[in-house]
Amino acid sequence: PNDGKAQYGGRDVVGYGSSPPDPKWPNGAKVALNLVLNYEEGGENCLLHGDGESEKLLSEIVGAGAIVGQRHANMESLYDYGSRSGFWRLHRLLTEKKVPCTVFGVGMAMERNP
């Protein structure tokens, strides 16, 4: 049943409290690390993509607002850095160190940057 609180749609989100299960991780490890890289470059709103305004939400620019009918050079440069350099720097580092990583990719970004 869905009580809208602790259980909904079959999910139990209460947790284990003071009695967590023993996951028996390899080599007795005490910590598990899940590294996820978000790849969004090319999926943002941009006039060059046919959008009517620039991106306003997905950035580190505090208080960024959409610019209607104009390109947003600052916003575009943030995204361009990620696809041109940032991703590849991380890719080389993780590959060199043999660190596994999951990439969550925006579909449009993957189409534009195969």
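The lining of the largest cavity divides into two nonpolar, two polar and three charged residues (Ala, Val, Leu, Ile, Met, Phe, Trp, Tyr, Cys and Pro count as nonpolar, Asp, Glu, Lys and Arg as charged, and the others, Gly among them, as polar). The model is predicted, so local features need pLDDT of at least 70 and side-chain atom pairs pLDDT 80 or more, while totals for chains, interfaces and linings use all residues. Numbering starts from 1 along each chain as its sequence is written, and side-chain values use heavy atoms, without hydrogens or water.

The residues around this cavity are Glu 44, Asn 45, Cys 46, Ser 54, Glu 55, Met 75 and Glu 76. On a 1 Å grid over the protein atoms alone, a cavity is a set of points where a 1.4 Å probe fits but cannot get out, a pocket is an open set with protein on both sides within 12 Å along at least five of seven lines, and lining residues have an atom within 4 Å of a point.

As for the overall fold, the protein has two helices and four strands (DSSP runs numbered from the N terminus: H or I of at least four residues, E of at least two). Read from the N terminus, their order is β-β-β-α-β-α. Along the principal axes, the C-alpha atoms occupy a box of roughly 55 × 45 × 25 Å. Of the 114 residues, 18% are buried (under 20% relative accessible area with a 1.4 Å probe, protein chains only; exposed is over 50%, partly exposed in between). Contacts (heavy atoms within 4.5 Å) between residues at least 6 apart in sequence join residues at least 24 apart in 46% of cases.

The largest pocket holds about 360 Å³ of space. Its lining comprises 15 residues, with Asn 38, Glu 41, Glu 60, Leu 78 and Gly 82 nearest the centre of the pocket. Helix H1 contributes the most to this lining, with seven residues; strand E3 (36-39) and H1 each provide at least two. Sorted by class, the pocket lining has eight nonpolar, four polar and three charged residues.

Ser 54 brings the view back to the cavity, as one of its lining residues. Ser 54 sits in the loop between E3 and H1 and is classed as buried because its relative accessible area is 3%. Beyond its neighbours within four places in sequence, Ser 54 makes contact with Asn 45, Leu 47, Gly 65, Ala 66, Ile 67, Gln 70 and His 72.

Leu 47, one of those partners, belongs to the loop between E3 and H1 as well. Leu 47 counts as partly exposed because its relative accessibility is 26%. Outside four places in sequence, the contacts of Leu 47 are Gly 52, Glu 53, Ser 54, Ile 67, Gly 69, Gln 70 and Arg 71. Between Leu 47 and Val 103 the C-alpha distance is 26 Å, with a sequence separation of 56 residues.

Ser 83 counts as buried because its relative accessible area is 17%. Not counting residues up to four places away in sequence, Ser 83 touches Tyr 39, Glu 41, Trp 88 and Asn 113. Glu 41 is among the residues nearest the centre of the largest pocket.

Conventions
Grid points are joined across faces, edges and corners, and a volume is the space filled by probe spheres set on the points.
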